[in-house]
Amino acid sequence: MKTILITGAGGGVGTHLRQQLAGNYALRLSDIRRLKPGAGETFVQGDVANLDDMLRATQGVDAFVHLGGYSVEGPWEDILNANIVGCYNAFEAARRNGVKRILFATSNHAVGFYRRDQVIDHRVYIRPDSRYGVSKVFGEALGSLYADKYGMEVFCMRIGNVGTVPIDKRRLSIWISPRDLAQLVTIGIEHPDIRFEIVYGVSNNRRSWYDNGNATRLGYHPVDDSESFAAEVLAREQPGDARAEMYQGGAFVHSEAIENPAPVPRRRAPRVKPRVAGRKGGATGKSRASK
Ligand code: 15L
């Protein structure tokens, strides 16, 4: 049985994937938060922004699903550490440990500034809608470099929105059900001819904005369609910001921060001893929050 590393395993996407892949693979979970591994799982706690952590996590695995990082638009420093440095560490640790196959969770936000009346495929020029989107484009570029330069096998999934049901009108076009995601991920792990591929991680949605022919070519046949939820979703939809309505990326095109569905717990700074009079460089006694 293959051993598959999943970073960011404690997030929403990771949680669905664990359930879906259970029994098919030995799962090595990694996350900055502590997770309780289930049957067939092991856990390595680690921060993607720390190369040593990623070197430990990638040791001896057959493939690596990189979900870890900051998952929405947010402050540049968070995006920089978690998604730029973190993504570099993921690819570099995999390379050093001889893990050839990486599945990178990129996002619809790498191309979120395409309009909703456009249908785009995997070859269109990138149009990120946010710093977060730029970080996903960075990951795709890094994947391309590691494929060409080091012979790695890189499967970039521009994921829409993963959930048991689509949550609003925009998500009717980009929704992916957990079982379709598992099908796509399994192709990414098992397909013998992956060098560098970009596919859209979406179900078979009637309202899709994507020509996902590249995924079809690789054998992806999603079984779910958001249309079965459309009437219910549209009935509760409220009119939104005009720019958000125009572009595929929705609120990411104008917001400086999107609510993070899985915020990383801020680590408490170690308690400091009160300064001893006369000693140089003593602590101030103030506490400092850090990631
Ligand atoms: C993403 O890339 C995010 O990771 C996720 O939290 C959702 O915001 C999703 O896009 C979306 O566009 O709905």
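Which residue in β9 is the bridge partner of Cys-156? The views below come to that pairing after an overview. The model is predicted: local features need pLDDT of at least 70, side-chain atom pairs count only at pLDDT 80 or more, and totals for chains, interfaces and linings use all residues. Residues are numbered from 1 along each chain as its sequence is written.

**View 1. The chain holds nine helices and 11 strands.** Helices (H or I, at least four residues) and strands (E, at least two) are DSSP runs, numbered from the N terminus. Of the 291 residues, 46% are buried. Buried takes 20 or more other C-beta atoms within 10 Å of a residue's own, exposed 12 or fewer, and partly exposed lies in between; C-beta atoms are placed from the backbone. Contacts with a separation of 6 or more are counted here, and 64% of them join residues 24 or more positions apart. Two residues are in contact if their C-beta atoms, placed from the backbone, lie within 7 Å.

**View 2. Strands β6 and β9 pair in the parallel sense.** Strand β6 spans residues 153–159, and six bridges link it with β9. Strands pair if DSSP finds at least two bridges between them. Ile-198 in β9 is the bridge partner of Cys-156. Strand β9 (residues 196–201) is mostly covered, with five of its six residues buried.

**View 3. Helix α1 packs on helix α6.** Helix α1 covers residues 12–21 and helix α6 residues 178–190. Their axes lie 9 Å apart, at an angle of about 75 degrees. That makes α1 roughly perpendicular to α6, a label for angles of 65 to 115 degrees; under 35 is roughly parallel, over 145 roughly antiparallel, the rest oblique. Axes are lines fitted to C-alpha atoms, for helices over the stretch in contact, and angles run from 0 to 180 degrees between N-to-C directions. His-16, Leu-17, Gln-19, Gln-20 and Leu-21 in α1 meet Pro-178, Arg-179, Leu-181, Ala-182 and Val-185 in α6.

**View 4. Leu-17 sits in helix α1.** Leu-17 is buried, because 25 other C-beta atoms lie within 10 Å. Beyond its neighbours within four places in sequence, Leu-17 is in contact with Ile-6, Val-65, Leu-181, Ala-182 and Val-185. Leu-17 and Pro-178 are 161 residues apart in sequence, yet 6.9 Å apart in space, C-alpha to C-alpha.
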